[in-house]
Amino acid sequence: MKPVKIAMMGMTHGHTRKYYQTLLENKKLDWVAACAEDEEAKKVYALYNTGVPCYLDAAAMLAEHPDIEAIVLASANNRHFEQMKFCAERGIHILSMKIPTFDMAEYDAMIELVDKAGVVCQIELEMHYNPVVKRLQKLIADGALGKILSVQATNITLSPVWAFPWQGVPEDSYGSRVPLASGDHRFRGGALCDHPHIFDLIRWLTGADFASVFAQVAPNLRPELEVEDMLLAAGKMTDGTAFLFDPSWSRMEERLKVPAPGWEVFPKRMEVNVTITGEKGMLQCDCFGPNVYHNGAPNDRYTVQYTYFDEWIGLIDEFVDCIRNHKQPRINLKWHRHTIEAMNACYDSVAEGKAIAL
Amino acid sequence: MTIKAMNSALDFLRDKYGVGPGVIAEGPECFQLHLSDGNKADLLPHRVERRFVELKKIIDGKTLEGISTFRFAVFRPHGDLRKMLAAELDLAAFLSGSEVSRLFAAGDGQRVCNVIFRLANGVSGCIECSSGLPTAAPVLDRHEIIARRGVASDRVVDTQVPQHSIYVWNEDGTATYTDVDTELFGLSDEAIWTVRAAFAVLSQPSLAACWNQAAQASLRQAEAALDCALSGTPVTF
């Protein structure tokens with residue numbers, strides 16, 4: 001199979017660096033170029049020494065590499081629409097970060113653009129390619145628990161805002177400056193925007209969609225942020241499954257400009273744990289464990305060193321397969337729309353102080 | 001663990017990453033990779049097992065400074081003590097980049113053998129090794145590296161036994177799952193690391209000679225440890 005000529009664009013998203021190894025090693029890809037949002041992003045990209053040229057202008061990148069077939073949009077949420085349009089108009093396949101946009105009119109325009117262009121648009125929800133999640137999905141599908149009654153899940157991390165400042169800017173993260181609630185000085189665009197995975201996962205596990213959601217924010221752990229960093233959400237799915245989610249930035253961090261060892265203050269910087277009760281039993285699942293552990297340099301703190309997880313390998317494999325074999329990705333724009341709607345409903349619930357029906 | 005399934009998995013990786021041919025086969029002491037040039041490479045799966053690769057990164061990257069002692073343990077149901085010891089001794093050499101230079105052992109020579117060893121670079125270490133677990137028991141092991149600056153381990157603090165990613169409780173009892181490799185999902189851990197070891201040799205052919213030498217050395221050391229357990233005389237290499 002002819003390798004897919006691929007590029008990256010933006011280079012400001014927290015997941016940007018996670019693509020480098022896969023793009024370089026996967027023989028089904030030929031990573032030919034990157035295009036940084038600005039000089040600062042270009043400087044950070046240079047630290048990783050990929051050997052792949054980096055531009056500051058997408059048109060200039062395409063002029064130099066007219067054979068680019070696909071682009072990873074590794075950018076802030078508010079840049080996605082313009083970049084998707086740029087790609088779709090040129091027939092370039094798209095791998096979007098996990099939040100295409102929270103503006104549902106813009107979201108529908110994205111769907112139209114992609115459909116009209118006939119390009120692949122895959123949404124990056126890397127948990128699907130995690131081996132533990134694969135086992136979890138198999139166990140549920142095989143009926144190990146029977147009908148699911150309840151799903152509780154954490155999707156908790158440190159806050160990336162010090163390394164990726166756009167994640168703390170309401171306009172860049174949420175797309176506009178919308179107050180969380182009357183009398184609350186904070187705005188939409190924080191931890192919730194960073195953590196769609198569990199909202200997506202429950203849909204795959206139950207085969208149902210969201211029926212209602214209630215959400216509540218807590219006082220920020222980082223009072224200087226303009227966006228929420230702590231919240232909880234509960235509700236029901238259309239099949240009656242109850243859920244309770246914690247999508248917070250509840251693990252503290254060193255305020256590094258570039259992610260590096262010692263970033264975490266709490267030993268485990270990222271956790272996705274799932275507890276499921278079914279009619280026949282119960283399970284508990286740690287999607288990122290076990291690992292290896294140390295308390296060495298740089299800060300001599302007890303630290304989880306993630307060990308087994310290469311989600312980006314499977315994610316890119318699916319993207320290439322969809323491009324070459326004209327398939328629809330599992331996480332496509334139309335599928336993901338309901339997840340984004342549910343996340344918006346969480347914000348509506350915070351604003352209105354009541355459960356929101358979807 | 002069937003060789004057929006492992007070779008299918010190896011073919012999948014070879015095709016995906018564009019590496020040359022090779023076949024996994026049973027060797028006299030361990031699984032081997034038969035190379036297209038007629039050579040054979042002893043496979044050392046622990047050298048590619050991710051937890052050990054991460055521990056080695058922690059050492060080589062100076063996350064730990066001033067390594068003092070390795071404390072290893074492995075307990076299996078009906079294991080071959082000689083091979084169990086060989087794997088742990090080779091792991092010590094692999095993690096440290098230094099050879100075992102001396103050892104002393106105590107045990108019954110069949111089901112139990114506790115070893116204290118020293119590496120050529122001065123690092124000290126021990127292995128608690130037993131094949132005395134009952135048949136249905138899971139393999140238990142632990143690898144702790146103690147340094148002047150920091151301790152690293154493949155077991156989380158305040159636990160004695162390996163943890164799992166998933167625990168299921170239903171009418172069939174309790175079941176646990178720890179899946180570590182999406183590309184090779186469905187194979188046992190042992191098969192996964194054997195396939196990964198074969199793939200490592202195909203990707204880096206110079207490993208073949210290095211691993212053959214290491215496999216022989218660690219088996220000799222393990223045999224010496226079992227002899228020492230009976231004689232009570234320390235062995236210097």
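Cys210(B) is partly exposed, with a relative accessible area of 37%. Keep in mind that this is a predicted model. Cys210(B) takes part in no disulfide, as the nearest cysteine sulfur, in Cys30(B), sits 13 Å away. Over in chain A, Cys87(A) is buried, at 0% relative accessibility. The closest cysteine sulfur to that of Cys87(A) belongs to Cys121(A) at 9.0 Å, which is too far for a bond. With a cut-off of 2.5 Å between sulfurs, the count over all chains is zero disulfides.

Now for some helix packing. Two packed helices can be described by the angle between their axes and the distance between those axes. For helix 4 and helix 5 of chain B, the angle is about 130 degrees and the axes are 8 Å apart, so the two helices are oblique to each other. On the helix 4 side of chain B, the contact uses Ala197(B), Ala200(B) and Val201(B), which meet Leu207(B), Ala208(B) and Trp211(B) of helix 5. Sorted by type, the residues of this contact are six nonpolar, no polar and no charged.

Helix 4 of chain B turns up again as one of the partners of the buried residues of helix 1 of chain B, which also pack against strand 1 and strand 2 of chain B and against helix 1 and helix 10 of chain A. Those buried residues include Met6(B), Leu10(B), Leu13(B) and Tyr17(B), along with Asn7(B), Arg14(B) and Lys16(B). Helix 1 of chain B runs over residues 3-17 and reaches 21 Å from its first C-alpha to its last, close to the 21 Å expected. Just after this helix, Gly18(B) adopts a positive phi of about 65 degrees.

Terms used. Residues numbered from 1 in each chain as written. Chains lettered and ligands numbered in written order. Predicted model: local features only at pLDDT ≥ 70, side-chain atom pairs only at ≥ 80, totals over all residues. Heavy atoms only, no water. Helix = DSSP H or I, 4+ residues; strand = E, 2+ residues; numbered from the N terminus. Expected span 1.5 Å × (residues − 1). Buried < 20%, exposed > 50% of the residue type's maximum accessible area, 1.4 Å probe, protein only. Contact = heavy atoms within 4.5 Å. Axes fitted to C-alpha atoms, helices over the stretch in contact; angles between N-to-C directions. Parallel < 35°, antiparallel > 145°, perpendicular 65-115°, else oblique. Nonpolar A, V, L, I, M, F, W, Y, C, P; charged D, E, K, R; others polar.
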